Amino acid sequence: MARAVWGSRLGFILAAAGSAVGLGAIWKFPYVAAQNGGGAFLLLFLVMVFTLGISIMIAEMTVGQISQKSPVGAYRYFGGKPWSLVGYIGVACGFLILSFYSVVGGWTIFYMVQSVDGSILIPDTLLLKQIFDAFITNPVEPLGYHAAFMAVTAGVVLVGVQKGIERVSKSLMLMLFLLILVLIVRSLTLPGASEGVMYFLTPDFSKVNAKMMLEAMGLAFFSLSLGMGCMMTYGSYVSNETNIANSAASVVGLTTAVCVLAGLMILPAVFAFKLSPAEGPGLTFIIMPAVFSHLGGGQFFAILFFFLLFVAALTSSVSLMEVVTSFFIDEFNMPRIGVSIIMAILMFVVGIAASLSLGAWKEYTLFGSNIFHLLDYVTSHLMMPFGGIMITVLVGWKASRPVAARLALADGTNPWWWPAMKQFCRYIAPLLILLVLFQNL
Ligand code: TRP
């Protein structure tokens, strides 16, 4: 069977941006930035994004496009058998991420339902925190939503990449972007909001430490969908005429913009409503209902917001599942339907453990982390950085010729930035990632 291709270049950019923009930008980025002191973290994050992020985005997409394979096959194509191991680790990483990602995806459905019901449209953040905590620690309720989220994800992947993914991404992404702009205006005009703006935008370098650098790097990988072969898989569905570098830059720019805007939407409100910036994973879910309660037509906006957040999460979860399923399809010729269903069930089961670890199974910890945080930590702070080292080494050394040829302009010359990117991939990127990792040991 011929390999599916995207309908157009724009379709590819939107699908890749759909993969990148998700809970990472709107749920994870705001709470991690808030926990890590705001401005200095933002700066570090931007440095990571515009050095490692952009290079790895171009590298992954190009490697996928040339090999027309998902990670295992792509690494094998360029590096031979031993390199396929990197692909396997990427597939495992996608499996682990989606297991807990789907739990949080389920939270967005719960909040959508609660917005329709109207019960969460209250200004009292203390009460909102209680509602959030009671929900995520409940042993049963979140599992139903987790199941629903995983089922919808599998459903989209079943239909196939182009029909399933490209269609959902288009208009809804634009709506999300516009809605965030409206909500920023509301957030910024709340009394006391300026303190939050200061916190988010003025770097306090005395707060910078090794752990923050690792957090910023892990978050850059996570929110751009890098380091596990996701963008490689999406690149493999691109026809060979398409210029990938511009698309890669657009995806990085767009996603980073959404991260920063999400910060501007949430942090001013956090200070206005006197919630602790160290609140953690509940931050977006606790603060946004309070913002809606101070907004005309708040209920409408609440429903719209959580619906669009759900869609953003879905276009990301679909990309994670696509990595896992296309691996079995490409490597073992297994049918798409069977693989999607079996993998969804397995990830659902691991996700149950992640969800329960926030409540009933709180005591079961490893290195002081519950299962939920462990999955998050291992993927963002170990597996994705490992993938980042390997893809930059591959593109800097083993595959630099075919990649340069693929990135060449119409007249056959290399783009001006290629020599810099090659040196960066050869030496700086792997060393930078290793340095950040080792500083934390
Ligand atoms: N980037 C997505 C988000 O921010 C999550 C995601 C999708 C992802 N595919 C990925 C993260 C691959 C790491 C690797 O919500």
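Reply: The following account concerns helix H14 and the core to which it contributes.

This is a predicted model, in which local features need pLDDT of at least 70 and side-chain atom pairs count only at pLDDT 80 or more, whereas totals for chains, interfaces and linings use all residues. Residues are numbered from 1 along each chain as its sequence is written, and side-chain values use heavy atoms, with hydrogens and water left out.

Helix H14 comprises residues 298-332. Helices here are DSSP runs (H or I, at least four residues), numbered from the N terminus. After H14 comes Asn-333, whose phi is positive, near 55 degrees.

The surroundings of the helix may be described next. A residue is buried when its relative accessible area is under 20%, exposed when it is over 50%, and partly exposed in between (1.4 Å probe, protein chains only). Because 27 of the 35 residues of H14 are buried, the helix is largely enclosed by the rest of the structure.

A nonpolar core is a set of buried Ala, Val, Leu, Ile, Met, Phe, Trp, Tyr and Cys residues joined through side-chain atoms within 4.5 Å. The largest one has 161 residues, and those with the most contacts inside it are Ile-26, Trp-107, Met-288, Phe-305 and Phe-306. In soluble globular proteins, nonpolar side chains tend to be buried together.

Contact means heavy atoms within 4.5 Å. Leaving aside neighbours within four places in sequence, Met-288 is in contact with Leu-183, Met-265, Ile-266, Phe-305 and Phe-306.

Ser-326 lies in H14, and it counts as buried because its relative accessibility is 2%. The side chain of Ser-326 reaches the backbone oxygen of Glu-322 at 2.8 Å. This is a polar contact, that is, a pair of N or O atoms within 3.5 Å; within protein, one must be able to donate a hydrogen and the other to accept it, and residues adjacent in sequence count only if both atoms are side-chain atoms. With neighbours within four places in sequence again left aside, Ser-326 is in contact with Ser-70, Thr-233 and Tyr-237.

How values were computed: Helix = DSSP H or I, 4+ residues; strand = E, 2+ residues; numbered from the N terminus.
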